[in-house]
Amino acid sequence: MRNAYSVETVRAAERALMARLPEGALMQRAAAGLAAACAELLGRVYGSRVVLLVGSGDNGGDALYAGARLARRGAGVTAVLLTPERAHTGGLAALRRAGGTVAPAGAADGLIERADLVVDGIVGIGGRGGLRPEAEALARVAERSRAAVVAVDLPSGIEADTGEVRGAAIRADLTVTFGTYKPGLLIDPGREYAGVVRLVGIGLELPAEAELEALQHAEVARLLPVPAAESDKYRRGVVGIAAGSARYPGAAVLAVSGALRGGAGAVRYVGPAGEAVIARFPETLVSDRGPAKAGRVQAWVVGPGAGEDAVTVAEVLGADVPVLIDADGLRLAEREAVRGRTAPTLMTPHAGEAAALLGVRREEVEGARLAAVRELAAAYRATVLLKGSTTLVAEAGGGAVRMNATGTSWLATAGSGDVLSGLAGSLLASGLPALDAGSAAAYLHGLAGRFASDGAPVGAHDVADRIPQAWRDVHAL
């Protein structure tokens with residue numbers, strides 16, 4: 001499990017640790033890890049040219065002390081001080097003792113263009129908003145140069161708690177973060193700026209509950225249901241799919257495919273696309289009598305390709321079993337009907353659908369994903385899975401938000417979300433809580449997309465067909 005903590009929590013843990021350590025020891029731990037990561041990236045330290053972009057405070061101090069360590073190994077290290085009067089005194093003295101030099105900001109362009117490595121120590125995790133003009137100019141030069149860029153703790157200009165980018169920011173090839181991950185390193189758009197993220201332990205003692213959780217193979221494997229010797233279709237879970245329309249029969253087929261590949265003991269389909277579903281998946285139990293008379297189910301999926309069928313959506317919401325709402329169902333579901341449900345509800349919007357539900361522009365959701373998923377979950381009293389480059393799953397009652405990054409941009413194809421809905425619905429039917437069902441489904445769906453695409457275009461049906469492979473891959477460990 002990758003856990004990420006807020007700036008406030010990290011600061012409190014740092015203060016507690018510094019109270020027990022000799023003065024400066026914590027910064028030296030961070031600087032040692034930063035220098036080791038830089039040396040590994042350089043490959044050959046002796047004779048290399050390193051430029052430190054140094055702001056005020058401890059972030060700049062980390063960069064200066066790390067630069068001193070590199071200088072002692074034979075690197076030519078130059079510090080560009082953006083606020084010379086506020087540069088970290090101890091770090092600056094250490095750099096000079098090691099043979100490093102200091103250059104004015106006006107000379108930075110030429111230095112960066114000739115550098116092998118640029119270290120971003122401009123702004124720490126407490127920074128807010130984009131870079132100031134002078135720093136922005138240096139960030140642009142660094143991005144154009146051939147130098148590798150290493151960010152100290154977090155790329156300058158990124159909001160540590162949210163991943164929001166409110167202006168110009170550093171684009172790093174590597175981010176060396178200390179003590180724990182920060183949410184902004186794991187959530188887009190910030191994640192895109194961070195490059196590869198390397199965690200350096202510095203001994204922080206952190207709370208059990210994080211701000212953000214990113215499941216790994218081992219956690220997902222423990223969540224996925226495995227049939228026992230006495231299992232039958234009801235013990236494995238029967239999921240109902242109320243999806244599709246005369247215009248969008250394929251949505252029903254794809255949702256059913258996701259449910260079947262997701263381990264459901266049986267799938268009951270209700271809707272006008274019965275013939276298309278049976279033609280592709282003859283094991284499906286098809287009914288034309290509506291959700292209430294379809295037979296026993298342990299969870300419902302409603303909405304993919306539903307068109308304007310508000311009656312079916314309302315009927316499903318009235319069921320006393322877990323319900324997943326997707327696509328057209330999100331638009332047709334009455335907010336109070338969702339809020340009034342006593343059984344679990346999982347909503348799976350993409351950014352555009354989330355924006356419509358919140359009454360904001362799509363760009364606002366994409367720029368502040370964490371805030372959007374939390375707001376939706378609270379507004380609807382439901383678990384919300386916000387699809388995207390970093391999929392987030394949040395519960396109405398707060399707590400840690402789950403983040404998933406197994407996906408690939410090739411999953412941005414028609415019908416991919418329908419497959420995810422069926423997959424998550426099958427996990428709901430197996431008895432998983434909505435948070436776990438959504439998190440595990442997103443993880444498997446992302447892996448399946450990677451396996452199906454392998455860097456080439458794919459269709460949603462290809463993704464569905466690779467879900468069993470993803471399932472095996474998770475359990476292989």
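Before the pocket entry I noted the term: a pocket is an open set of grid points with protein on both sides within 12 Å along at least five of seven lines. I also noted that the model is predicted.

Entry, largest pocket. I looked up its volume and found about 710 Å³. I then asked which of the 32 lining residues are the closest to its centre. They are K387, G388, L411, A412 and S416. I went through the helices next: α11 (249-261), α16 (351-358), α17 (362-367), α19 (416-429) and α20 (434-453) each supply at least two residues of the lining. Of these, α19 gives the most to the pocket lining, with four residues. I sorted the pocket lining by class and got nine nonpolar, 15 polar and eight charged residues.

Entry, cavity. I searched for cavities of 30 Å³ or more, and the structure holds one. The volume of the largest cavity is about 50 Å³. I listed its lining as L215, T391, V393, R402, M403, N404, S439 and Y443. At least two lining residues come from each of β17 (391-394), β18 (401-404) and α20. The largest share, three residues, is from β18. By class, I recorded four nonpolar, three polar and one charged residue in the cavity lining.

Entry, S156. I located S156 in the loop between β6 (148-152) and β7 (174-178). Is S156 buried or exposed? I read a relative accessible area of 1% for S156, and the limit for buried is under 20%, so S156 is buried. I found a polar contact of 2.7 Å between the side chains of S156 and D120. Leaving out residues up to four places away in sequence, I listed D120, I122, V123, L131, A169 and I170 as the residues that S156 touches.

Entry, nonpolar cores. I looked up the largest nonpolar core and found 101 residues, with V50, L52, L212, W300, I325 and M347 having the most contacts inside it. Helix α2 (residues 25-42) gives the most to this core, with ten residues. I also noted a second, separate core of 55 residues, which includes V301, V393, V419 and Y443. Of these, V393 and Y443 had already come up in my list for the cavity lining.

Entry, W300. I checked what W300 touches, again not counting residues up to four places away in sequence. The list includes G240, I241, A242, V270, P291 and A294. Also among the contacts of W300 are V316, A319, V321, P322, V323 and L324.

Note on methods:
Residues are numbered from 1 along each chain as its sequence is written. This is a predicted model: local features need pLDDT of at least 70, side-chain atom pairs count only at pLDDT 80 or more; totals for chains, interfaces and linings use all residues. Side-chain values use heavy atoms; hydrogens and water are left out. On a 1 Å grid over the protein atoms alone, a cavity is a set of points where a 1.4 Å probe fits but cannot get out, and a pocket is an open set with protein on both sides within 12 Å along at least five of seven lines; lining residues have an atom within 4 Å of a point. Grid points are joined across faces, edges and corners, and a volume is the space filled by probe spheres set on the points. Ala, Val, Leu, Ile, Met, Phe, Trp, Tyr, Cys and Pro count as nonpolar, Asp, Glu, Lys and Arg as charged, and the others, Gly among them, as polar. Buried means under 20% relative accessible area, exposed over 50%, partly exposed in between (1.4 Å probe, protein chains only). A polar contact is a pair of N or O atoms within 3.5 Å; within protein, one must be able to donate a hydrogen and the other to accept it, and residues adjacent in sequence count only if both atoms are side-chain atoms. Contact means heavy atoms within 4.5 Å. A nonpolar core is a set of buried Ala, Val, Leu, Ile, Met, Phe, Trp, Tyr and Cys residues joined through side-chain atoms within 4.5 Å.
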